[in-house]
Amino acid sequence: MTSTQGFSARTLLDIYRKALLIQLFDERMRSLISTGRMGAVYYSPRGQEILAAAMGVNLKPTDYLVTTYRGVHDQLAKGMPLRLLVAEYAGKATGACKGKGGAMHITYPAAGIMVTTGVVGSGLPIANGLALAAQLRGDGRVALCNFGDGASNIGAFHEALNMASLWKLPVIFLCQNNHYAECTRYEDGTSVAHVSERAAAYGKGMRGVTVDGNDPQAMWQASREAVERARAGEGPTLIEAMTFRFMGHYFGDPGPYIPKEEYAAALARDPMPACKAAVLQAKAATEVELAGIASEISAQIDDAVKFANDSSPPDISEIDKDIYATGASA
Amino acid sequence: MSTATAAPQTMTFNDAYRLALDEALASDPGVLLLGEDIGDKEGGGVFKVTKGLSTKYGAHRVRTTPISEQAIVGAAVGAALAGMRPVAEIMLMNFVTVAMDQLFNHAAKLRFMSGGQTGVPITIRTRTGAGAGTAGQHSDMLEAWFAHTAGMKVVVPSTPADAKGLLSSCIFDDDPCIFIEDGLTRMLTGPAPPPGHRVPLGKANVVRSGSDVSVIGYGRPLGDTLAIAERLAKEGIQVEVVDLRTVSPMDTDTILKSVAKTRRAVVVHEAPRSFGCGAEVVARIQEHLYGQLAAPVLRVASRDVTVPFTKVLETEYLYKPTAIEAAIRRTLEARAPR
């Protein structure tokens, strides 16, 4: 239905700009954490920038996002404000969640960031509910649900995909297949060669597609098709975006379970330098312009880090707030 | 709204649940029902509570779901995050165990974890209770699990009028509510509530006033207790009966006010005795009223075992009305402190 029509040099640059924000943000957070200047519990998305950016340019601010603890790339691609994000990482009162959620649980409904869950697979049933609300109201919103390949083995995945297919929900299930479910290799935990094959189990209502998540154009096209399909009321799509996770599972994970040759080969296909080369080749921007974009982003990150550093932790009285809507306690 | 010309004088618990759902669906387009078999095509629910509602409001709002408790509760959570007021029916309370991640990690906590940016105004209607021979996977009272979870409200009605009023309040409350329906007494009747009846959450009800001993409880044992209180009144024993209505958040003030007056208390519930909500009531009483009590606070509850199937064992498992009476008498016999 949809062709590559619409994928212009400008689209490529938009994707690169979002991806660069993710890359530079991730570099800064890792630097702050590893030097003891921040105490966040952090799961790096390094290597998975392009797929989030290419999906992000296809979404509207009013669309819903559900993601996981390794989800900062998804959040930034959806428009998460940097100040609120870093301040939340730092556990400050000015953070998006007033320091009560932290890096693993970023929420910002003003940008459609509805849930970031710390529990593998839990987001899928919730994304269905957001999509169901959109469907019942006819407001044209779609719900994007991000998760890893490991989440495709939990019961919630199967319950959610069955229901989404049955009810033709405007939801996109974006499986970011980075080859490792925590520390277990994909094929040691998953019975199918590709997660997208599982779409077939949910009938004609569910479309399944595998795409190179590190290829901006391919990922953009798959995202666009899924978003258009959802918005048109034609139902859900399971996208399996192939990618790689360069920084291991948890922060400081030395990744001994990844064969050296595999890691080296993946690193040689780092999507960020490749995307930059594509931008230059398409003449979407010059080296000088890209350097300008990078320094603009760095300045925004500087500002956010300063904002977080200058902010105070929440008042102790916050412990008793937001338990119930009206403030009563048990 | 119902267009019935003559309002009924009495109604069953089941009628009360249906009335609350009917009113809510009629008054707010954001109200949405999800559950297994709840549509009229499937018979209006295994317990017939939703009978007629999908015909009246459409199968898109009264949605029959697959047997997928995680997906049911997750869909309710998501729709609630988007501002709707979903009511999910989990047929039997033991099946909430399948959806505990959605309930415990998400529904209860997202308001706090988002710093108040989001809320999850869902109602989970779920049926349970021992006494019908449904054994260990269809009978459990699991309210203590949810009462132990910050952010969750736990509601157990003991009359049809309260059932209507409390369920209406749950649906329009901005927090997640677990509404527990007793299977055994579902066809019992009681006075019908007035139209639009609501019972506030978090407030206990002094069902019967008395000066000698307070019996505090919720759900099915309340009916037993009231019958016992009537009988004991003929002996001159004045029993005050406090129905918690909302188990959590618990109305400590009403409990303490009652026990400060009577100086004696018995706590009753159907759930097993150990680590139950009754222990919390006892703890709050002794924390505040130690020294004023004329007797130890006693608990009457079911046995700390798996609910058995066969009648003799199931009866042995369940709390006994005779034990409520015995506890009251024991409390009265205790020597008052000097």
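Hello everyone, let's start with Asp253(B), which is exposed at a relative accessible area of 62%. By exposed I mean over 50% relative accessible area, while buried is under 20% and partly exposed is in between, with a 1.4 Å probe and protein chains only. Asp253(B) sits in helix 9 of chain B, residues 252-262. Helices here are DSSP runs of H or I with at least four residues, strands are runs of E with at least two, and both are numbered from the N terminus.

A quick word on the ground rules. This is a predicted model, where local features need pLDDT of at least 70 and side-chain atom pairs count only at pLDDT 80 or more, while totals for chains, interfaces and linings use all residues. Residues are numbered from 1 along each chain as its sequence is written, chains are lettered from A and ligands numbered from 1 in the order in which they are written, and side-chain values use heavy atoms, leaving out hydrogens and water.

Staying with chain B, where is Asp173(B) placed? Asp173(B) lies in the loop between helix 7 (160-171) and strand 7 (177-182). Asp173(B) is buried, because its relative accessible area is 16%. Its side chain makes a polar contact of 3.0 Å with the side chain of Lys153(B). For us a polar contact is a pair of N or O atoms within 3.5 Å; within protein, one must be able to donate a hydrogen and the other to accept it, and residues adjacent in sequence count only if both atoms are side-chain atoms. A polar atom of the Asp173(B) side chain also lies 3.0 Å from the backbone nitrogen of Asp175(B). Leaving aside residues up to four places away in sequence, Asp173(B) touches Arg85(B), Pro121(B), Lys153(B) and Leu201(B), where contact means heavy atoms within 4.5 Å.

Next comes Thr185(B), in the loop between strand 7 and strand 8 (189-191) of chain B. Is Thr185(B) buried or exposed? Thr185(B) counts as buried, since its relative accessibility is 13%. Beyond residues up to four places away in sequence, Thr185(B) touches Phe13(B) and Arg220(B).

Now over to chain A, and Thr210(A) in strand 7, residues 207-212. Thr210(A) is partly exposed, at a relative accessible area of 32%. Which side chains does Thr210(A) reach through polar contacts? One is Ser196(A), at 2.5 Å, and another is Glu240(A), at 2.6 Å. Not counting residues up to four places away in sequence, Thr210(A) touches both of these, along with His194(A) and Met242(A). Ala226(A) is 16 residues from Thr210(A) along the chain, and their C-alpha atoms are separated by 12 Å.

Finally, chain A as a whole. Chain A has 11 helices and 8 strands. Its radius of gyration is 19 Å, close to the 20 Å that the globule rule gives for 330 residues, so chain A is as compact as a globular protein of that length. That radius is taken over C-alpha atoms, and the rule is 2.2 Å times the number of residues to the power 0.38. The C-alpha trace spans about 55 × 50 × 40 Å along its principal axes. Buried residues are 56% of the 330 in chain A. Of the contacts with a separation of 6 or more, 75% join residues 24 or more positions apart.
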